[in-house]
Amino acid sequence: MSKQDLRHSSVPYSRLSPNPNHQNVVVLPVYYPHHNDNYRCLRHCLAFTSVILLLSAALFLLYPSDPTLELARLQLNHVGVNTSPKLTLDLSFSLTIRVRNRDFFSLDYDKLVVSVGYRGRELGLVSSEGGRVRARGSSYVNATLDLDGFEVVHDVIYLLSDWAKGVIPFDTNTKVDGDLGLFLFKIPLKAKVSCEVYMDRNNQSIVRQDCYAELD
């Protein structure tokens, strides 16, 4: 555009000329990072994880488990041999069973049944009255098994051999049925254990025992 054309224009020439002292300033909004939102999310995650861990621990501790049984003592009180009219034995056993409650609630059991055998053949069984085992505690149950006139025709050779060696093997099966008092509920529990017991004939003590739990 020429100066002649600018004379006929309605805009003054001074306004169209650039101002060397003029500066353009761009104003940007201030940005604040959202730290509160991050902290709030972190707190929620930690609280949720803590609740899950507490529930898992409570479930692990309060979940009922079956009691454990252990043959604490087996004593042979009396042995008698009868030869007339046939070969029989009179035996008397004293047993002590340890019932251990692993739960955090008391255990009430109705009865405890113990059977004694010799080389896979049952000699007899005895049952005791019920009782209560406190939470995380143990109870010892004593029982006596008397056998009169037990025939040993089939096992006489093994019995004489074991008697001469001084160590007699016996089989024991122990079973207990009870209820676990969980607040207002009664949860039925039961346990069964079988043992192979090797008893010293001289001092009436248990030389070795191998026990394993059985599932019904």
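User: Is S194 buried or exposed, and at what relative accessible area?
Analyst: This is a predicted model: local features need pLDDT of at least 70, side-chain atom pairs count only at pLDDT 80 or more, and totals for chains, interfaces and linings use all residues. Residues are numbered from 1 along each chain as its sequence is written, and side-chain values use heavy atoms, with hydrogens and water left out. Buried means under 20% relative accessible area, exposed over 50%, partly exposed in between (1.4 Å probe, protein chains only). S194 therefore counts as buried, with a relative accessible area of 4%.

User: Which side chain makes a polar contact with that of S194?
Analyst: S194 lies in strand β8. Helices (H or I, at least four residues) and strands (E, at least two) are DSSP runs, numbered from the N terminus. A polar contact is a pair of N or O atoms within 3.5 Å; within protein, one must be able to donate a hydrogen and the other to accept it, and residues adjacent in sequence count only if both atoms are side-chain atoms. At 2.5 Å, the side chain joined to that of S194 is that of N173.

User: Which residues beyond four places in sequence are in contact with S194?
Analyst: Contact means heavy atoms within 4.5 Å. With its neighbours within four places set aside, S194 is in contact with T172, N173, D210, C211, Y212 and E214.

User: How many disulfides are there, and which cysteines pair?
Analyst: A disulfide is a pair of cysteine sulfur atoms within 2.5 Å. The count is 1. The sulfur atoms lie 2.0 Å apart, in C195 and C211.

User: Where in the chain do C195 and C211 sit, and how many residues apart are they?
Analyst: The link is right-handed, with 110° about the S-S bond. It joins distant parts of the chain. C195 is in strand β8 and C211 in strand β9 (residues 205–213), a separation of 16 residues.

User: Which backbone oxygen does the side chain of T49 reach?
Analyst: T49 is found in helix α3 (residues 35–62). Its relative accessible area is 41%, so T49 is partly exposed. At 2.8 Å, its side chain reaches the backbone oxygen of C45.

User: What geometry does the pair of F93 and F170 have?
Analyst: Rings of Phe, Tyr and Trp (its six-membered ring) pair if their centres lie within 6.5 Å; planes under 30 degrees apart count as stacked, over 60 as edge-to-face and the rest as tilted. The structure holds 2 aromatic pairs. F93 and F170 are 5.1 Å apart centre to centre, with 80° between the planes: edge-to-face.

User: Which strands hold F93 and F170, and how many residues separate them?
Analyst: F93 and F170 are both buried. Together with Y118, they form one aromatic cluster. F93 lies in β2 (residues 88–100) and F170 in β7 (residues 167–182), so the pair ties together parts whose separation in sequence is 77 residues.

User: Which members of the largest nonpolar core touch the most others?
Analyst: A nonpolar core is a set of buried Ala, Val, Leu, Ile, Met, Phe, Trp, Tyr and Cys residues joined through side-chain atoms within 4.5 Å. The largest has 36 residues. Those touching the most other members are L74, F93, L95, L123 and F170.

User: Over which rings do R136 and R208 sit?
Analyst: A charge sits over a ring if NZ of Lys or CZ of Arg is within 6 Å of the ring centre and within 35 degrees of the ring normal. R136 is 5.0 Å from the ring centre of F104. The charged end of R208, at 4.4 Å from the centre, sits over Y198.

User: Which loops hold R119 and R136?
Analyst: R119 has a positive phi of about 55° although not a glycine. R136 has a positive phi near 55°. R119 is in the loop between β3 and β4, and R136 in the loop between β5 (131–133) and β6.

User: How many helices and strands does the chain have?
Analyst: From the N terminus, the order is α-α-α-β-β-β-β-β-β-α-β-β-β. The total is 4 helices and 9 strands.
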